[in-house]
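Have the sequence and the 3D view open while you read.

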Amino acid sequence: MRAFLPSQHGLHFDNAFPEGPVIRIDFGVATLGVGNAANGLCGGMVFTALDYWTARRPPPADRQPPAYGTPLFGYLRRRLIDSWRLPAGPLVYLRFMQPWYPDGERRSGPLTFHGRAWHIAVRQWPALRADLDRGWPSPLGLVKVASAKPAEIGKNHQVLAYGYDLVNSAVTLHIYDPNQADNDHVTLSFDIGDPTAPSPVAMVPDVSAVPGVLYFFRVRSWPSLDCRPTVRVSRSR
């Protein structure tokens, strides 16, 4: 496998889509729109870029986001839904979004409640590192908003980690960010030295509407059978 590089293997357009439903359900007498493309298709873009890389094919050459109804938009939409990992995936975001959730360890009498830093250092980082050590890019869900409102789940984000630097306990991930097409210099940094203490996660540069990262987790992925060398995805104009 070639090493993943956003400028070569990422999609060449930003995650910027106009207002409109992600899914339209036709009931015959009426049509129901679900989701809002303006919130982004980041998970679909991450999974699609990984599909093309796995198939050893260059990504679509489009420099503008595809329009609704085009084959490429349909593919992104389907992979977006895959990236949600229903029904469990949204529950992870909702859990770690909660304003009351601690960043560091919290003790209550004999009980210990692990915070976000512990889950990153003990649960997420080892699994992510195993992926990267075998040369496999790994999708990540980023919790970017602290809110008890489920409707704000769309303010979170997904990226693709493809490499890392480890200096003592300081980790710097190299990531493909769908919001920054062709940028090979986006990083996600954190420290795993003390899982009991809060450890800020820094994304640089961060161009999201909601800056900052509270938590990240590995999103399990699988190659799509639709992304085979014999399948062509039409380019939008």
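The chain has five helices and ten strands, where helices (H or I, at least four residues) and strands (E, at least two) are DSSP runs numbered from the N terminus. This is a predicted model, in which local features need pLDDT of at least 70 and side-chain atom pairs count only at pLDDT 80 or more, while totals for chains, interfaces and linings use all residues. Residues are numbered from 1 along each chain as its sequence is written, and side-chain values use heavy atoms, with hydrogens and water left out.

**Whole chain**

- Take the contacts (heavy atoms within 4.5 Å) with a separation of 6 or more: 64% of them are between residues 24 or more positions apart.

- Six strands make an open sheet in the order 9-8-7-6-5-10, with antiparallel pairing; two strands pair if DSSP finds at least two bridges between them.
- Strand 9 (202-204) and strand 10 sit at the edges, each pairing on one side only.
- On average, neighbouring strands of this sheet are turned by 35° against each other, direction ignored; axes here are lines fitted to C-alpha atoms (for helices, over the stretch in contact), and angles run from 0 to 180 degrees between N-to-C directions.
- Strand 6 (residues 157-167) and strand 7 (residues 170-176) run antiparallel and share seven bridges, with D165 opposite T172 in strand 7.
- The hairpin of strand 6 and strand 7 has two residues between the strands, and N168 takes a positive phi near 55° there.
- Strand 7 also pairs with strand 8 (residues 187-191), antiparallel again, over five bridges.
- Strand 8 is joined to strand 9 by three bridges, and these two run antiparallel as well.

- L188 in strand 8 stands opposite L173, and its bridge partner in strand 9 is M203.
- Leaving aside neighbours within four places in sequence, L188 has contacts that include L140, L142, V171, I175, V213 and F216.
- The largest nonpolar core has 46 residues, and L140, L173, L188 and F216 touch the most other members. Such a core is a set of buried Ala, Val, Leu, Ile, Met, Phe, Trp, Tyr and Cys residues joined through side-chain atoms within 4.5 Å.

**Helix 4**

- Helix 4 (residues 88-97) has G89, Y93, F96 and M97 buried.
- Those buried residues fall within an arc of 110° seen down the helix 4 axis, so they line one face of the helix; the arc is that of the directions from the helix axis to the C-beta atoms.
- They pack against helix 5 (116-133), strand 5 (138-143), strand 6 and strand 10 (215-218).
- Helix 4 lies across strand 5, strand 6 and strand 10, at about 40° to strand 5.

**S138 up close**

- S138 is in strand 5 and is buried, with a relative accessible area of 1%.
- Not counting residues up to four places away in sequence, S138 touches L128, D131, L132, V159, L160, A161 and R218.
- The side chains of S138 and D131 make a polar contact of 3.0 Å, that is, a pair of N or O atoms within 3.5 Å; within protein, one must be able to donate a hydrogen and the other to accept it, and residues adjacent in sequence count only if both atoms are side-chain atoms.
- S138 and F47 are 91 residues apart along the chain, with their C-alpha atoms separated by 9.6 Å.

Methods:
Buried < 20%, exposed > 50% of the residue type's maximum accessible area, 1.4 Å probe, protein only.
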